[in-house]
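Please keep the sequence and the model at hand while reading.

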Amino acid sequence: MIRSFRYPLRPNKAQEAVLDVYLWRARQVFNAALEQRISAYRNQGRTLTRYDQQRDLTELRQSDPDFEAVPATVLRSSLKRLDLAYRAFFRRIKAGEKPGFPRFKGRDRFKSFSFMVKPSIDGSTILVPKLGYVKFYKYREIRGVPLDASIRKDSRGWWVSIQCDVGESPRKIEPAAHAGIDVGLASFATLSTGEAISNPRLFRESEAVLAARQQVLARKKRGSRSRIRAKKLVARAHERARNQRLDFARKLVAQLFTRFDVISYEDLNIRGMVHGTLAKSIHDAAWGVFVHALTCKAEEAGKWAVAVDPRGTSQRCSRCGRLPDVRKSLSDRVHTCVCGPPMDRDHNAACNIDALGLSALEGSREAA
Ligand SMILES: [Zn+2]
(Lines give C-alpha, C1' and ligand atoms only; values in the text may rest on other atoms or scores of the structure.)
Protein backbone atom coordinates (compact mmCIF):
# COMPACT_ATOMS: atom_id res chain seq x y z
CA MET A 1 0.00 0.00 0.00
CA ILE A 2 1.50 3.33 -1.07
CA ARG A 3 0.80 6.45 0.96
CA SER A 4 1.92 10.01 0.42
CA PHE A 5 3.13 12.30 3.20
CA ARG A 6 3.26 16.00 2.42
CA TYR A 7 5.25 18.64 4.29
CA PRO A 8 6.11 22.31 3.84
CA LEU A 9 9.64 22.48 2.42
CA ARG A 10 11.92 25.17 3.83
CA PRO A 11 14.76 25.80 1.38
CA ASN A 12 17.18 28.69 2.00
CA LYS A 13 17.58 31.40 -0.64
CA ALA A 14 20.38 29.63 -2.50
CA GLN A 15 18.52 26.30 -2.50
CA GLU A 16 15.34 27.99 -3.66
CA ALA A 17 17.20 29.43 -6.65
CA VAL A 18 18.39 25.93 -7.60
CA LEU A 19 14.89 24.45 -7.19
CA ASP A 20 13.53 27.18 -9.46
CA VAL A 21 16.08 26.16 -12.09
CA TYR A 22 15.05 22.49 -11.73
CA LEU A 23 11.42 23.46 -12.30
CA TRP A 24 12.28 25.62 -15.28
CA ARG A 25 14.40 22.93 -16.97
CA ALA A 26 11.87 20.22 -16.17
CA ARG A 27 9.20 22.31 -17.86
CA GLN A 28 11.41 22.91 -20.89
CA VAL A 29 11.94 19.16 -21.19
CA PHE A 30 8.21 18.54 -20.92
CA ASN A 31 7.39 21.04 -23.67
CA ALA A 32 10.24 19.90 -25.94
CA ALA A 33 9.22 16.27 -25.53
CA LEU A 34 5.61 17.11 -26.39
CA GLU A 35 6.77 19.02 -29.47
CA GLN A 36 8.96 16.07 -30.45
CA ARG A 37 6.10 13.60 -30.13
CA ILE A 38 3.79 15.76 -32.19
CA SER A 39 6.29 16.25 -35.01
CA ALA A 40 7.40 12.59 -35.06
CA TYR A 41 3.79 11.65 -35.51
CA ARG A 42 3.11 14.29 -38.14
CA ASN A 43 6.25 13.75 -40.18
CA GLN A 44 6.85 10.02 -39.87
CA GLY A 45 3.60 8.68 -38.44
CA ARG A 46 5.67 7.38 -35.57
CA THR A 47 4.62 7.27 -31.93
CA LEU A 48 7.60 7.96 -29.70
CA THR A 49 7.80 6.16 -26.38
CA ARG A 50 9.07 7.46 -23.10
CA TYR A 51 12.21 5.34 -23.59
CA ASP A 52 12.96 6.80 -27.03
CA GLN A 53 12.77 10.19 -25.44
CA GLN A 54 14.89 9.15 -22.48
CA ARG A 55 17.73 8.31 -24.90
CA ASP A 56 17.44 11.73 -26.49
CA LEU A 57 17.45 13.33 -23.08
CA THR A 58 20.74 11.61 -22.25
CA GLU A 59 22.23 13.07 -25.42
CA LEU A 60 20.89 16.51 -24.60
CA ARG A 61 22.44 16.40 -21.15
CA GLN A 62 25.80 15.37 -22.62
CA SER A 63 25.85 18.30 -25.02
CA ASP A 64 24.22 21.06 -22.95
CA PRO A 65 25.68 21.99 -19.53
CA ASP A 66 22.45 23.81 -18.57
CA PHE A 67 20.64 20.49 -18.58
CA GLU A 68 23.61 18.56 -17.31
CA ALA A 69 23.39 20.66 -14.13
CA VAL A 70 19.92 19.26 -13.38
CA PRO A 71 19.67 15.63 -12.19
CA ALA A 72 18.75 13.23 -15.01
CA THR A 73 16.03 11.68 -12.88
CA VAL A 74 14.34 15.02 -12.28
CA LEU A 75 14.20 15.66 -16.03
CA ARG A 76 13.01 12.11 -16.62
CA SER A 77 10.07 12.77 -14.33
CA SER A 78 8.85 15.25 -16.99
CA LEU A 79 8.95 12.50 -19.61
CA LYS A 80 6.99 10.23 -17.33
CA ARG A 81 4.45 12.96 -16.75
CA LEU A 82 4.05 13.51 -20.48
CA ASP A 83 3.70 9.78 -21.01
CA LEU A 84 0.94 9.61 -18.40
CA ALA A 85 -0.83 12.54 -20.08
CA TYR A 86 -0.71 10.66 -23.40
CA ARG A 87 -2.03 7.47 -21.85
CA ALA A 88 -4.88 9.35 -20.21
CA PHE A 89 -5.64 10.96 -23.56
CA PHE A 90 -5.88 7.60 -25.36
CA ARG A 91 -7.90 6.09 -22.54
CA ARG A 92 -10.44 8.91 -22.78
CA ILE A 93 -10.70 8.46 -26.55
CA LYS A 94 -11.33 4.74 -26.08
CA ALA A 95 -13.99 5.46 -23.49
CA GLY A 96 -15.67 7.89 -25.89
CA GLU A 97 -15.09 10.87 -23.62
CA LYS A 98 -13.90 14.34 -24.46
CA PRO A 99 -10.21 13.59 -25.11
CA GLY A 100 -8.20 16.72 -24.17
CA PHE A 101 -4.82 16.47 -25.89
CA PRO A 102 -1.72 17.04 -23.68
CA ARG A 103 -0.93 20.74 -23.61
CA PHE A 104 2.21 22.83 -23.60
CA LYS A 105 2.85 24.12 -20.12
CA GLY A 106 3.29 27.76 -19.25
CA ARG A 107 5.13 28.75 -16.09
CA ASP A 108 1.96 28.72 -14.05
CA ARG A 109 0.98 25.26 -15.22
CA PHE A 110 4.12 23.42 -14.36
CA LYS A 111 5.00 23.45 -10.71
CA SER A 112 6.39 20.10 -9.69
CA PHE A 113 8.99 17.45 -10.36
CA SER A 114 9.78 14.04 -8.89
CA PHE A 115 13.09 12.64 -7.73
CA MET A 116 12.43 9.25 -9.39
CA VAL A 117 14.85 7.72 -6.88
CA LYS A 118 14.53 6.60 -3.27
CA PRO A 119 14.86 9.75 -1.21
CA SER A 120 17.28 9.91 1.66
CA ILE A 121 15.75 11.50 4.76
CA ASP A 122 17.71 12.61 7.79
CA GLY A 123 15.62 13.94 10.67
CA SER A 124 13.63 16.74 9.15
CA THR A 125 15.83 17.23 6.09
CA ILE A 126 15.61 15.52 2.72
CA LEU A 127 18.43 15.02 0.25
CA VAL A 128 17.51 16.67 -3.05
CA PRO A 129 19.61 15.20 -5.89
CA LYS A 130 22.59 17.40 -6.83
CA LEU A 131 21.53 20.02 -4.29
CA GLY A 132 22.01 18.58 -0.81
CA TYR A 133 19.86 18.39 2.31
CA VAL A 134 16.87 20.73 2.43
CA LYS A 135 14.85 21.31 5.59
CA PHE A 136 11.16 20.53 5.81
CA TYR A 137 8.58 21.06 8.53
CA LYS A 138 7.92 17.56 9.82
CA TYR A 139 4.69 18.07 11.75
CA ARG A 140 3.92 14.35 11.67
CA GLU A 141 6.01 11.20 11.40
CA ILE A 142 6.65 9.46 8.09
CA ARG A 143 5.40 5.87 8.05
CA GLY A 144 6.82 3.02 5.96
CA VAL A 145 9.65 2.87 3.47
CA PRO A 146 10.18 5.98 1.31
CA LEU A 147 10.14 5.09 -2.41
CA ASP A 148 10.07 8.44 -4.16
CA ALA A 149 9.54 12.11 -3.46
CA SER A 150 8.31 15.10 -5.38
CA ILE A 151 8.64 18.83 -4.87
CA ARG A 152 5.93 21.34 -5.69
CA LYS A 153 5.82 25.11 -5.65
CA ASP A 154 2.59 26.98 -5.17
CA SER A 155 1.58 30.49 -4.22
CA ARG A 156 2.25 29.78 -0.55
CA GLY A 157 5.69 28.28 -1.02
CA TRP A 158 7.40 24.92 -1.48
CA TRP A 159 6.13 21.47 -0.56
CA VAL A 160 7.65 18.03 -0.49
CA SER A 161 5.57 14.84 -0.87
CA ILE A 162 7.19 11.59 0.18
CA GLN A 163 5.67 8.41 -1.28
CA CYS A 164 6.06 5.49 1.09
CA ASP A 165 5.31 1.81 1.04
CA VAL A 166 3.43 1.39 4.32
CA GLY A 167 3.21 -2.42 4.04
CA GLU A 168 0.46 -4.90 3.28
CA SER A 169 -3.13 -3.69 3.41
CA PRO A 170 -5.08 -5.29 6.23
CA ARG A 171 -7.34 -8.27 5.44
CA LYS A 172 -10.80 -7.25 4.34
CA ILE A 173 -13.37 -7.60 7.09
CA GLU A 174 -16.59 -9.55 6.55
CA PRO A 175 -19.04 -6.99 5.14
CA ALA A 176 -22.07 -6.37 7.37
CA ALA A 177 -23.35 -2.79 7.59
CA HIS A 178 -23.67 -1.16 4.18
CA ALA A 179 -24.83 2.05 2.53
CA GLY A 180 -25.06 3.66 -0.88
CA ILE A 181 -24.20 7.28 -1.49
CA ASP A 182 -25.63 9.40 -4.27
CA VAL A 183 -23.92 12.58 -5.41
CA GLY A 184 -26.33 15.47 -5.00
CA LEU A 185 -27.03 18.77 -6.63
CA ALA A 186 -28.57 20.80 -3.85
CA SER A 187 -26.77 18.83 -1.16
CA PHE A 188 -23.33 17.26 -1.33
CA ALA A 189 -24.70 13.74 -1.25
CA THR A 190 -27.52 11.55 0.05
CA LEU A 191 -27.16 8.21 1.84
CA SER A 192 -29.39 5.20 1.35
CA THR A 193 -30.46 5.69 4.98
CA GLY A 194 -32.19 8.86 3.77
CA GLU A 195 -29.72 11.25 5.40
CA ALA A 196 -28.64 14.21 3.29
CA ILE A 197 -25.09 15.47 3.67
CA SER A 198 -25.14 19.18 3.04
CA ASN A 199 -22.47 21.15 1.27
CA PRO A 200 -20.24 22.87 3.79
CA ARG A 201 -20.93 26.62 3.94
CA LEU A 202 -17.19 27.07 3.46
CA PHE A 203 -17.44 25.68 -0.07
CA ARG A 204 -19.92 28.37 -1.06
CA GLU A 205 -17.81 31.09 0.51
CA SER A 206 -14.63 30.09 -1.27
CA GLU A 207 -16.62 29.70 -4.48
CA ALA A 208 -17.75 33.31 -4.17
CA VAL A 209 -14.24 34.51 -3.36
CA LEU A 210 -12.82 32.61 -6.31
CA ALA A 211 -15.43 33.96 -8.74
CA ALA A 212 -14.83 37.53 -7.56
CA ARG A 213 -11.06 37.21 -7.88
CA GLN A 214 -11.34 35.69 -11.33
CA GLN A 215 -13.43 38.66 -12.42
CA VAL A 216 -10.81 41.07 -11.10
CA LEU A 217 -8.10 39.12 -12.93
CA ALA A 218 -10.04 39.21 -16.20
CA ARG A 219 -10.04 43.03 -16.12
CA LYS A 220 -6.27 43.35 -15.65
CA LYS A 221 -4.01 44.32 -18.52
CA ARG A 222 -1.71 41.60 -19.82
CA GLY A 223 1.84 41.86 -18.51
CA SER A 224 0.95 44.38 -15.80
CA ARG A 225 2.16 44.14 -12.21
CA SER A 226 -1.36 44.22 -10.84
CA ARG A 227 -2.23 41.28 -13.08
CA ILE A 228 0.52 39.22 -11.47
CA ARG A 229 -0.87 40.12 -8.06
CA ALA A 230 -4.42 39.26 -9.13
CA LYS A 231 -3.22 35.93 -10.52
CA LYS A 232 -1.61 35.07 -7.19
CA LEU A 233 -4.86 35.78 -5.40
CA VAL A 234 -6.76 33.48 -7.75
CA ALA A 235 -4.19 30.73 -7.20
CA ARG A 236 -4.51 31.14 -3.44
CA ALA A 237 -8.28 30.90 -3.61
CA HIS A 238 -7.95 27.68 -5.63
CA GLU A 239 -5.58 26.20 -3.09
CA ARG A 240 -7.80 27.14 -0.19
CA ALA A 241 -10.75 25.50 -1.89
CA ARG A 242 -8.66 22.40 -2.54
CA ASN A 243 -7.63 22.12 1.10
CA GLN A 244 -11.22 22.56 2.24
CA ARG A 245 -12.36 19.75 -0.05
CA LEU A 246 -9.64 17.47 1.23
CA ASP A 247 -10.41 18.22 4.85
CA PHE A 248 -14.15 17.77 4.36
CA ALA A 249 -13.68 14.51 2.45
CA ARG A 250 -11.38 12.98 5.06
CA LYS A 251 -13.73 13.76 7.93
CA LEU A 252 -16.80 12.52 6.08
CA VAL A 253 -15.08 9.27 5.04
CA ALA A 254 -13.90 8.63 8.60
CA GLN A 255 -17.47 9.07 9.87
CA LEU A 256 -18.94 6.83 7.19
CA PHE A 257 -16.54 3.98 7.81
CA THR A 258 -17.16 4.00 11.55
CA ARG A 259 -20.80 3.24 10.72
CA PHE A 260 -20.54 1.08 7.59
CA ASP A 261 -18.30 -1.67 6.19
CA VAL A 262 -19.42 -1.30 2.58
CA ILE A 263 -20.00 2.01 0.86
CA SER A 264 -21.15 2.01 -2.76
CA TYR A 265 -20.83 5.16 -4.79
CA GLU A 266 -21.44 6.42 -8.29
CA ASP A 267 -18.48 6.13 -10.60
CA LEU A 268 -18.77 9.46 -12.38
CA ASN A 269 -15.92 8.50 -14.72
CA ILE A 270 -18.44 6.21 -16.36
CA ARG A 271 -20.89 9.01 -16.98
CA GLY A 272 -18.20 11.52 -17.78
CA MET A 273 -18.00 14.84 -16.04
CA VAL A 274 -20.43 17.38 -17.36
CA HIS A 275 -18.80 20.70 -18.01
CA GLY A 276 -21.02 23.46 -16.84
CA THR A 277 -21.12 26.20 -14.28
CA LEU A 278 -18.37 27.03 -11.83
CA ALA A 279 -20.48 25.70 -8.98
CA LYS A 280 -20.95 22.43 -10.85
CA SER A 281 -17.26 22.02 -11.56
CA ILE A 282 -16.35 22.74 -7.95
CA HIS A 283 -18.92 20.19 -6.85
CA ASP A 284 -17.49 17.59 -9.25
CA ALA A 285 -14.00 18.31 -7.94
CA ALA A 286 -15.22 17.85 -4.37
CA TRP A 287 -16.82 14.53 -5.34
CA GLY A 288 -13.57 13.39 -6.97
CA VAL A 289 -11.62 14.18 -3.81
CA PHE A 290 -14.23 12.38 -1.72
CA VAL A 291 -14.09 9.23 -3.86
CA HIS A 292 -10.29 9.21 -3.69
CA ALA A 293 -10.37 9.53 0.11
CA LEU A 294 -13.06 6.82 0.27
CA THR A 295 -11.08 4.25 -1.72
CA CYS A 296 -7.84 4.99 0.17
CA LYS A 297 -9.53 4.69 3.54
CA ALA A 298 -11.29 1.46 2.53
CA GLU A 299 -7.95 -0.11 1.69
CA GLU A 300 -6.37 1.13 4.90
CA ALA A 301 -9.21 -0.03 7.12
CA GLY A 302 -9.93 -3.36 5.39
CA LYS A 303 -13.38 -2.12 4.39
CA TRP A 304 -15.11 -1.85 1.01
CA ALA A 305 -15.68 1.00 -1.41
CA VAL A 306 -17.60 -0.21 -4.45
CA ALA A 307 -17.93 1.82 -7.64
CA VAL A 308 -21.28 1.51 -9.37
CA ASP A 309 -22.36 2.49 -12.88
CA PRO A 310 -24.79 5.35 -12.16
CA ARG A 311 -26.90 4.94 -15.30
CA GLY A 312 -30.53 4.42 -14.44
CA THR A 313 -30.02 4.72 -10.69
CA SER A 314 -32.08 7.88 -10.47
CA GLN A 315 -34.95 6.49 -12.60
CA ARG A 316 -35.54 2.96 -11.36
CA CYS A 317 -37.67 2.35 -8.26
CA SER A 318 -35.48 1.01 -5.47
CA ARG A 319 -38.39 -0.84 -3.83
CA CYS A 320 -39.91 -2.74 -6.76
CA GLY A 321 -37.44 -2.23 -9.63
CA ARG A 322 -40.01 -0.64 -11.96
CA LEU A 323 -38.94 2.06 -14.39
CA PRO A 324 -41.28 5.09 -14.38
CA ASP A 325 -43.63 5.71 -17.32
CA VAL A 326 -42.30 9.25 -17.61
CA ARG A 327 -38.57 9.83 -17.12
CA LYS A 328 -37.74 12.13 -14.25
CA SER A 329 -36.01 15.30 -15.30
CA LEU A 330 -33.26 16.89 -13.21
CA SER A 331 -35.79 19.21 -11.62
CA ASP A 332 -38.07 16.39 -10.43
CA ARG A 333 -36.95 16.06 -6.85
CA VAL A 334 -39.46 13.37 -5.84
CA HIS A 335 -39.61 9.74 -6.85
CA THR A 336 -43.12 8.35 -7.18
CA CYS A 337 -44.14 4.78 -7.86
CA VAL A 338 -47.34 2.75 -7.66
CA CYS A 339 -45.69 0.42 -5.13
CA GLY A 340 -45.62 2.86 -2.23
CA PRO A 341 -45.41 6.39 -0.88
CA PRO A 342 -43.30 9.02 -2.68
CA MET A 343 -39.66 9.23 -1.82
CA ASP A 344 -36.89 11.79 -2.15
CA ARG A 345 -35.27 11.37 -5.56
CA ASP A 346 -31.69 11.18 -4.24
CA HIS A 347 -32.69 8.82 -1.44
CA ASN A 348 -34.17 6.45 -4.02
CA ALA A 349 -31.00 6.68 -6.13
CA ALA A 350 -28.79 6.00 -3.10
CA CYS A 351 -30.82 2.84 -2.33
CA ASN A 352 -30.30 1.65 -5.90
CA ILE A 353 -26.59 2.34 -5.64
CA ASP A 354 -26.43 0.42 -2.36
CA ALA A 355 -28.13 -2.62 -3.93
CA LEU A 356 -25.98 -2.52 -7.08
CA GLY A 357 -22.83 -2.21 -5.01
CA LEU A 358 -23.74 -5.16 -2.79
CA SER A 359 -24.44 -7.44 -5.73
CA ALA A 360 -21.20 -6.37 -7.44
CA LEU A 361 -19.34 -7.09 -4.22
CA GLU A 362 -20.95 -10.54 -3.87
CA GLY A 363 -20.10 -11.29 -7.48
CA SER A 364 -16.48 -10.34 -7.08
CA ARG A 365 -16.14 -12.31 -3.84
CA GLU A 366 -17.61 -15.44 -5.41
CA ALA A 367 -15.24 -15.09 -8.36
CA ALA A 368 -12.23 -14.76 -6.06
ZN1 LIG B 1 -41.82 0.89 -7.02
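This is a predicted model: local features need pLDDT of at least 70, side-chain atom pairs count only at pLDDT 80 or more; totals for chains, interfaces and linings use all residues.

The side chain of K153 forms a salt bridge with that of D20, with 2.9 Å from N to O. Because D20 belongs to helix α1 and K153 to strand β6, this pair ties together parts that are 133 residues apart in sequence. D20 is partly exposed, its relative accessible area being 31%.

Strand β6 covers residues 145-154, and V145 has its place there. Together with I2 and L147, V145 makes a nonpolar surface patch of about 240 Å². V145 itself is partly exposed, at a relative accessible area of 46%.

## Further salt bridges

In the whole structure, a search finds 18 salt bridges. One of them joins the side chains of K303 and D261, at 3.3 Å from N to O. K303 sits in the loop between α8 (278-301) and β12 (304-308), while D261 sits in the loop between α6 (225-259) and β11 (262-266), so this contact ties together parts that are 42 residues apart in sequence. Both K303 and D261 are buried.

The side chains of R333 and D346 also meet in a salt bridge, with an N to O distance of 2.9 Å. This pair links distant parts of the chain, 13 residues apart: R333 is in the loop between β12 and β13 (334-337), and D346 is in helix α9 (residues 345-367). The two partners can be described in turn: R333 counts as partly exposed at 30% relative accessibility, whereas D346 is buried with a relative accessible area of 8%.

E168 is found in the loop between β7 (157-165) and β8 (178-183), and E168 is exposed, with a relative accessible area of 75%.

## The zinc site

Which protein atoms are the donors of the zinc ion? They are the SG atoms of C317, C320, C337 and C339, which lie 2.2 to 2.3 Å from the ion. Along the chain, these donors follow the spacing C-x2-C-x16-C-x1-C.

The site is tetrahedral, with angles of 107 to 113° among the four donor atoms of the zinc ion. For comparison, the ideal angle for four tetrahedral donors is 109.5 degrees.

## Aromatic pairs

The search of the whole structure finds 14 aromatic pairs. In one of them, the ring centres of F30 and F110 are 5.6 Å apart and the planes stand at 55°, so the pair is tilted. F30 lies in helix α1 (residues 13-44), and F110 lies in the loop between α4 (72-94) and β2 (112-114), so the pair ties together parts that are 80 residues apart in sequence. Both F30 and F110 are buried.

Y86 and F90 form another aromatic pair, also tilted, with 6.2 Å from centre to centre and 45° between the planes. These two residues are separated by about one helical turn, because Y86 and F90 are four residues apart in helix α4. Are Y86 and F90 buried or partly exposed? Y86 is buried, with a relative accessible area of 8%, whereas F90 is partly exposed, with a relative accessible area of 45%.

A further group of rings is formed by F188, F203, F248, W287 and F290, which ring pairs link into a cluster.

Notes. Residues are numbered from 1 along each chain as its sequence is written. Side-chain values use heavy atoms; hydrogens and water are left out. Patches are made of residues with over 30% relative accessible area and no salt bridge: like charges are joined within 9 Å, nonpolar side chains (Val, Leu, Ile, Met, Phe, Trp, Tyr) within 5 Å. Accessible areas come from the Shrake-Rupley method with a 1.4 Å probe; for residues, only the protein chains shown count as cover. A salt bridge is a side-chain nitrogen of Lys or Arg within 4 Å of a carboxyl oxygen of Asp or Glu. Buried means under 20% relative accessible area, exposed over 50%, partly exposed in between (1.4 Å probe, protein chains only). Donors are N, O and S atoms within 2.8 Å of the metal (3.2 Å for Na, K and Ca); water is not among the atoms, so sites may look incomplete. Four donors count as tetrahedral if all angles lie between 85 and 135 degrees; four count as square planar and six as octahedral if opposite donors are over 155 degrees apart and all others between 65 and 115; anything else is irregular. Rings of Phe, Tyr and Trp (its six-membered ring) pair if their centres lie within 6.5 Å; planes under 30 degrees apart count as stacked, over 60 as edge-to-face and the rest as tilted.
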